[in-house]
Every structure is written in structure tokens, then in C-alpha cells.
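Here are my notes on this one, written as if we were going through it side by side. Have the viewer open while you read.

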Protein chains: 2
Amino acid sequence: MKDTPMYIPTFEDMLEAHARIQPYIRRTPVRTSDYLNELTGAELFFKCENFQEPGAFKVRGASNAVFGLDEEQAAKGVATHSSGNHASCLSYAAMKRGIPCNVVMPRTAPQAKKDTVRRYGGKITECEPSTSSREETFARVQAETGGDFVHPYNDHRVIAGQGTCAREFIEQTDGLDAVVAPIGGGGMISGTCLTLSTLAPDTQVIAAEPEQADDAYRSFKAGYIIADDAPKTIADGLLVPLKDLTWHFVSNHVSEIYTASDPEIIDAMKLIWKHLRVVMEPSSAVPLATILKNPDAFKGKRVGLIITGGNVDLDRLPWTL
Amino acid sequence: MKDTPMYIPTFEDMLEAHARIQPYIRRTPVRTSDYLNELTGAELFFKCENFQEPGAFKVRGASNAVFGLDEEQAAKGVATHSSGNHASCLSYAAMKRGIPCNVVMPRTAPQAKKDTVRRYGGKITECEPSTSSREETFARVQAETGGDFVHPYNDHRVIAGQGTCAREFIEQTDGLDAVVAPIGGGGMISGTCLTLSTLAPDTQVIAAEPEQADDAYRSFKAGYIIADDAPKTIADGLLVPLKDLTWHFVSNHVSEIYTASDPEIIDAMKLIWKHLRVVMEPSSAVPLATILKNPDAFKGKRVGLIITGGNVDLDRLPWTL
């Protein structure tokens, strides 16, 4: 993507993506909990993207990229770097099409995520857990394989694919006052903005971010991209910085970014496990954590939360550590 | 129930129950996993009764009993004994109708289950963890309160209510070769037999039981009820024995009872948490454990599994103990 001018995906790109990927993804269910509604004073709807077969919404964008390749490029396969879920979802999509997938992944990524990538036939090259090491290692891998670079989020095909989630969400709920999604690199938030700015322009898009990796929050307040190298938070899916394409959507369409501390994220995660009875990652708990922290902003509203992923190491749950 | 002649609930009772309880229960979703299908060689469908608001299928039978009471009895409320989920579900149903609920519960029941009962306004009286102590304590509580005894399973209203789950399951899957459900006292299995013997008579009903509480298996083989006092298994929802009404359905309609060891149950539980990404109890993992143990009985078949409950102590997961 580096050498091409920035292409901003459109609502029509999202519709095309949805038609292209529907055979390979699930229309995930929306769950509710009377208990969590009482606790927050809002009417909460949880879109369970953790119920995608490879366990994360990222199968949407990955499938859109993989199934949009021409035959010549498809033969060389795809390549990416990712802290986890994009890696397994791109591997899954590549497996479904029967093409190679090379993945650069931090050596510190959860074992469960590495296992999933390998189960789907992805080939892992490990790097250090920093943005700089990741990008350097990836350049080498990509030069060797010729695989098409599918960036985890700063890719118009990926963003158009992620936008299909918000389309289903609006259909399933008959409308929402706000959608709250976690923000790392901003792929899901950008896809949500892309879809809702046309389909439901009155629905606010709110991003939720870990305090300990709050570069998007600081960027949003500053008006330009601020990136951290190697932030640390329990929400390990949200370590990466915004890029030009996702910054476009965040700066133009996001209403607010709220943050939550790691202990608040863990508390929210446990609440969801206990009352929604779904297995999801710390990253997916950040939206509920920010709603609990800012109750007045949500009270009385119909609020959609995207449970982005469910690949968690069951032997190392944060509240048992 | 002790002094009334045994009334065998009918298919029409189940239909009436469904109409009565629909405002108070959820039509729970059915989940699938490509991974678990490959692992077993069968096509598996999981009915997520853990997604009921109080976390278990037992809200069906409990709601049928509670909302079927006349006003005079309703004023005195309901009473029961239960190792957990029937207690919380009866409390939930009673709260919805605004009537008292008294519960006798073993002092060893998981804290999460006690918390849930109290959250729904149920009043707990603790007993020793044995069938004999439970029945003795209950007789006292019931005499004091005059609450209508809603037995956890040996009650025609409860069985008719549980049968509504199988009706939804058949509608949601367009038919199944077999339904596998856990068996403790036999309420869910009896309701499943009641519904499927009319609605889908070619669908086998198979019960799954912990080896360490295998009284139903031994009863089934012997041809008469065998009860254990105070069995011990990780599947703490399945400790109670069959009674005359559930024995009627088990002996007449169940095709087979399979058993699984506690380590096999824990392995199956972890597989479901990891690949279906739902939070469920050890008891609910017994069906998958028996399928993994008897693959030839299920290979190539469309098999429904009922995930009966999701109230688990997240601080004491069996694989972290």
C-alpha cells in the first residue's frame, strides 16, 4: 500500500465486500443481558464477532482482501504482520481460498493465537514486540515471498470488509443511538464509520481505548497522529497505532474516544463472561469498561458494543494471574 | 406432588407451556463450530440454554410452574430444593411474577449459584450435600411457608416446560438425527423425549452422564431406578437421582445413556470454551465428552447437543485448580 495514493473506501465498496465475503463469514448473533442493562442504565446490544469461526471480526476484512485478489497474485499468496487476530483470520481466509499466507507476529503473542494461525496453515515468522521490529521483519518476509501485503487495518479492502459488521448490527437491532468499538489501529472503527455515516448518520461512533495504549485518544485530542512504540496493556489486540487511512475516518467521523484502565478492563471482561456467558478477549471488554466509567454519556440510550474477538489463553485468564 | 397420582405430561401440555412462558424466556441461539465438526466427524449443533437470562434451561420449567399457579397459591409463593440452577431459575420466575420463593440448597453449592438466587430475591436455607439431608430440610421449610413445591424435575409442569427447548431446537436446525443432553434427575431428557416422540419420532434421544454419578446409566441397564446418596463429580448439576416421572420417559423413550469420566468432561468443557467461545458449566460438557468417547455412534450424523447452563465460578475453573 505504501506506494499507491491513499484510496478512501466507499459505502459501495462495503456493499461489494459483503456480497463477496458472505459465504466465508457468519452473520454473528446479537446478545443482551437484563443484568448489564440495569447496571449501566442503558440498553446494551452486544454483537458477538468472537463467534466468527476463527474467533474475530477480522475475518471480514481479511476475506475481502483474499477473495478480491486476481489469480496471478493469489498464486503468490498474502502476507501480513499482526499481534494476533488479523494473522489467524488472514490465514483462515487464505486456507479457504487455498493460497499461501505468511505472518510476522511478536514472539510475545499469546500461544492460543499462534496455535490458531498454524492450524489454518499460516506460516509464522516471529519478531520483537515493537512496531519498529515488526515492520523491519515484515519487509524481509514480504520481499522473499512476493505475497500481497494485507495490512491489519490501513488497507481500504480491510476497512470495507470490517464495515460489513455495522451493516448487520443496524439490521439486527433496528437502529442504535451509538456504537462503541475498541480502537487499536482503527480498522473496525473506520469500517463502522464508513457504514454508519451513510446507513445511520445519526448513530454516534465512539471508540474505546486502554489508558495504557491511549495513542488514538491523544491523537484525537491533538488533531494529528501520535504513535507509541511498544505500549503495554492487558488488551493485547489494541497495541498498534493509527495510520493515514484509519486516521481519516477517526478524525472525520468519530464522536468521542473514551479510555479505561487495565483493572477496569479486567472487571468489565469478567462481567461479560459472567452475565453474557461468552468467551472474549480483554480488548473486547474495553467498550463496556468505558461505558461503566462514563455512565451519564450512555444512560437511557440504545448502545451497540462490538465484541471483537474471543481468542484467549484459557490457562492464563487475567483475574487468575 | 407426593400425594397426587402420577400425571404424565402430554405434547399438548408442552405446547401450552411454550405459549405461557414465551414472554419470560429467550429463544436461545444454536451455535456450530467447523473445528468441532472436524474433530468428531459429525455435524454438531449446540443449543445455548446458558444464554437464558438466569443462565440455564431450567427457567423454562420453572416459569411454566410459576405462571400456571392460581392467585391464591401464588400469594404463598413457591419452594424447592436444588443444587443450583433450578433454584436460581425458580427465583427468577417468581421475581418476574412478584411472588416469594424459598430454596433449600446444599451448603457446598458454588458461590456463583447462591449469589444468583439471592440476586433474584430467592431465600436460601442451606442443607448438607446429600439427598437425604436435602429432603428433610425441605420438608421443614415447605411446612413453614406453604409455598407450592416445584420439584426440580419430577413435576409434570417442569417437564412440559423443559420440552419447549427441543421444539425450538428442531425448528432451528430443520431436523436432527439425535439429541444428546446431560442427565441428572432427568428433567431435560424427559422434556426432550416428550417433545421429540411426537414432533420428530425418528430423532434419537441420548443421555450423557458423569461416570462418577452414573445412577441413571445403571438404572437404564437394570430396568429399575437405582439412586446414589451424595455422589461426587465436577458436573455438580447432575448429582440427583431419577424419580418416577422422569424414569417413565427415560425407560420408554431414551435410546442410549453414555458416560464420561471427570477428566474427559473437563477436556470437553475446555474445547467448547475455546472453539464455541461460550461460558458453560461442567455438566453441559458431558454430551460432547460422550461423543468424543463414542465417535462411531455419531459419525456422519446431525447431532444436537443441549448446553444446559452457564453459571460457573470464574475464579475456580476446573482446569486451573
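1. Let's start with the polar contacts. Between chain A and chain B there are 20 residue pairs in polar contact, counting pairs where both residues have pLDDT 80 or more. That pLDDT condition is there since this is a predicted model, so keep that in mind for everything below.

2. Which parts of chain A do the touching? Helix 2 (34-40), helix 5, helix 6 and helix 12 (262-275) of chain A each bring at least two residues to the side that touches chain B. Helix 12 of chain A has the largest share, with four residues.

3. As for the kinds of residue, the side of chain A that touches chain B splits into 11 nonpolar, nine polar and 11 charged.

4. The rule finds four of them across the interface of chain A and chain B.

5. How much area do chain A and chain B bury between them? About 2,600 Å², and 48% of that is on carbon and sulfur atoms. In chain A, the residues that lose the most area to chain B are Phe51(A), Arg277(A) and Leu314(A), which together make up 28% of what that side buries.

6. Counting contacts instead, 31 residues of chain A are in contact with 31 residues of chain B. Of the interface residues of chain A, 100% are also interface residues in chain B, so the copies meet through the same surface.

7. Now the symmetry. Rotate by 180°, with 0.0 Å of shift along the axis, and chain A superposes on chain B with an RMSD of 0.0 Å. The two copies are therefore related as by a two-fold rotation axis. To find that axis from chain A, go to Val278(A): its C-alpha is the nearest one in that chain, 2.2 Å from the axis.

8. Finally, zoom in on helix 6 (residues 111-119) of chain A. Which of its residues are buried? They are Ala112(A), Lys113(A), Lys114(A), Thr116(A) and Val117(A). Notice that two lysines, Lys113(A) and Lys114(A), are on that list. The cover over the buried residues of helix 6 includes helix 5 (85-97), strand 4 (101-106) and strand 5 (123-127) of chain A. Just after helix 6, Gly121(A) takes a positive phi of about 85°.

Methods:
Residues numbered from 1 in each chain as written. Chains lettered and ligands numbered in written order. Predicted model: local features only at pLDDT ≥ 70, side-chain atom pairs only at ≥ 80, totals over all residues. Heavy atoms only, no water. Least-squares fit on C-alpha atoms with pLDDT ≥ 70 in both. Contact = heavy atoms within 4.5 Å. Buried < 20%, exposed > 50% of the residue type's maximum accessible area, 1.4 Å probe, protein only. Buried area = accessible area lost by both parts, 1.4 Å probe. Salt bridge = Lys/Arg side-chain N within 4 Å of Asp/Glu carboxyl O. Polar contact = N/O pair within 3.5 Å; in protein donor to acceptor, adjacent residues only side chain to side chain. Nonpolar A, V, L, I, M, F, W, Y, C, P; charged D, E, K, R; others polar.
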